[in-house]
Structures are given as structure tokens and as C-alpha cells.
Amino acid sequence: MSRPGTPGGQPGPQRSADGASATSEPARAYAELTAGNRRFVSGAPRHPNQDAGHRAAVADGQHPFAVIVGCSDSRLAAEIIFDRGLGDLFVVRTAGHTAGPEVLGSVEYAVTVLGTPLVVVLGHDSCGAVQAARESAATGTQPRGHLRAVVDAVLPSLHRAEAEGVDDIDGIVDIHIAQTVETLLGQSPVLAEEVAQGRCAVVGVSYRLAAGVVRPVAAVPAGLTALDVPNVSTGPAAA
């Protein structure tokens with residue numbers, strides 16, 4: 001995240017030095033991401049913070065305004081679909097956005113050390129990891145090698161979907177995104193405390209591969225994604 005006056009940068013959500021406006025920062029960060037996604041979908045991305053000046057400006061430190069816990073799918077490049085640049089997003093990717101200890105530690109680092117106010121779980125339709133887990137459960141066979149760890153991590157979402165009567169793949173994906181949000185908060189007391197104090201929020205979103213649109217699936221605190229946050233930076237990218 002750049003600051004006003006930073007060479008080569010388009011500013012992201014602004015932070016309060018004294019924490020007085022901390023409760024608004026997660027909502028502003030989410031609004032910043034959705035604004036970027038709208039630019040991407042419309043075919044008018046601005047590619048902010050991708051020039052040589054900004055590269056030099058962030059070389060000595062980073063202040064990302066969002067953590068993206070995303071699926072490793074090659075079509076799910078966060079900086080592209082949210083139209084952001086260097087230093088804006090702290091990205092952690094695994095197949096099926098599964099959240100093991102290394103992922104949790106990475107999220108905690110971004111939130112507590114870098115002060116990042118938003119964690120986003122980024123899933124997508126037709127997720128291959130969810131499909132692999134579904135096939136494994138249906139056939140009773142286990143995949144070879146370490147792929148089994150991915151499948152095992154997705155199985156609780158399949159069981160939850162079955163209990164809720166959901167059997168279409170994209171409905172299961174939504175449940176898996178919400179499950180990952182709950183896993184992050186349930187497995188990380190550090191993150192849960194930051195959310196409880198209003199310094200951070202966790203949002204789950206689903207990306208449509210063909211349309212490019214990101215839509216909210218789950219949010220803690222609830223209602224964050226419905227807030228109307230003014231003054232989101234939408235200025236032109238730096239030359």
C-alpha cells in the first residue's frame with residue numbers, strides 16, 4: 001500500500017496513526033479491492049503501483065492493505081483481478097485455499113507485523129481441488145502423494161455441503177470458502193483477537209473464471225461487504 005506523495009504510487013486505503021479509525025480500515029480495504037475488480041471486469045484496468053518509481057519506493061518496506069489467501073489456480077492472479085500493484089497485496093496461495101500451519105503463520109505475520117487490516121479468502125467456480133475431493137469421496141479412493149493432504153483438507157467442506165443438501169460444485173465451493181474463513185479464525189487465536197478488536201476483518205469471496213467478477217460469500221464481521229465506503233482511491237495510475 002502506498003501513501004499520498006509516494007513516488008509512482010496510487011494510494012490504497014489510508015491508516016490512522018493513532019488507531020482512531022481502525023474500525024473503518026477493513027471496510028475501506030475491501031472497497032478498494034472491489035473497485036479494482038470492477039475496473040478489471042470492465043476492461044479498463046489502471047495497473048497502479050507497477051512503475052519503476054513505485055518499485056523503488058517500496059523496496060525498503062511493505063504495507064499491504066489486504067492479505068489474499070487464494071487458490072493456486074493459474075487463472076486466479078490476485079494483483080490482476082483486483083487491479084493492484086507492488087506492495088498492495090500480501091498473497092498466500094495453496095490448492096483449494098487450504099489453510100495449514102504455514103498459511104496461518106503467513107496470515108498472522110501480515111496482520112500483526114505488517115498491520116494489514118483485511119484477510120480475503122479467494123476461491124473460484126469449478127475449483128479443481130474441490131472436484132478432486134468430491135471424486136475421492138465418491139469412489140473411496142485416495143490420490144497419490146501429497147495431493148492427499150489437499151483432498152483431506154477439503155473433505156470437511158464436502159461433509160458440510162452434504163449435511164446442508166448442497167450437491168452442485170459451485171455451491172460446494174461457496175461452502176468451502178466459508179469453511180476456510182471459519183478455519184482461519186478458529187485455528188488462529190491471534191487473527192480472531194485482531195478481528196474482535198476491530199483492527200481486521202476476514203472476507204470470503206468467489207471469483208467467476210469466465211466473467212472475472214468477484215462476489216462475497218462470507219464475512220466476519222457480518223455485513224462488512226455491504227458497507228458503502230466513500231473516497232476509495234480511483235485515480236489514474238501513475239505514469
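Asp 168 counts as partly exposed because its relative accessibility is 41%, where buried means under 20% relative accessible area, exposed over 50% and partly exposed in between (1.4 Å probe, protein chains only). The residue lies in the loop between helix H6 (147-163) and helix H7 (169-187), helices (H or I, at least four residues) and strands (E, at least two) being DSSP runs numbered from the N terminus. The C-alpha atom of Asp 168 is separated by 9.9 Å from that of Ser 126, 42 residues apart along the chain. The model is predicted, so that local features need pLDDT of at least 70 and side-chain atom pairs count only at pLDDT 80 or more, whereas totals for chains, interfaces and linings use all residues. Residues are numbered from 1 along each chain as its sequence is written, and side-chain values use heavy atoms, with hydrogens and water left out.

In helix H8 (residues 189-196), Leu 191, Glu 194 and Val 195 are buried. These residues cover an arc of only 100 degrees around the axis, taken from the directions from the helix axis to the C-beta atoms, which puts them on the same side of H8. On the other side of H8, Pro 189 and Ala 196 are exposed. Just after H8, Gly 198 takes a positive phi of about 80 degrees.

The structure holds one aromatic pair, for which ring centres of Phe, Tyr and Trp (its six-membered ring) must lie within 6.5 Å, with planes under 30 degrees apart counted as stacked, over 60 as edge-to-face and the rest as tilted. Phe 90 and Tyr 109 form this tilted pair, at 6.0 Å centre to centre and 40 degrees between the planes.
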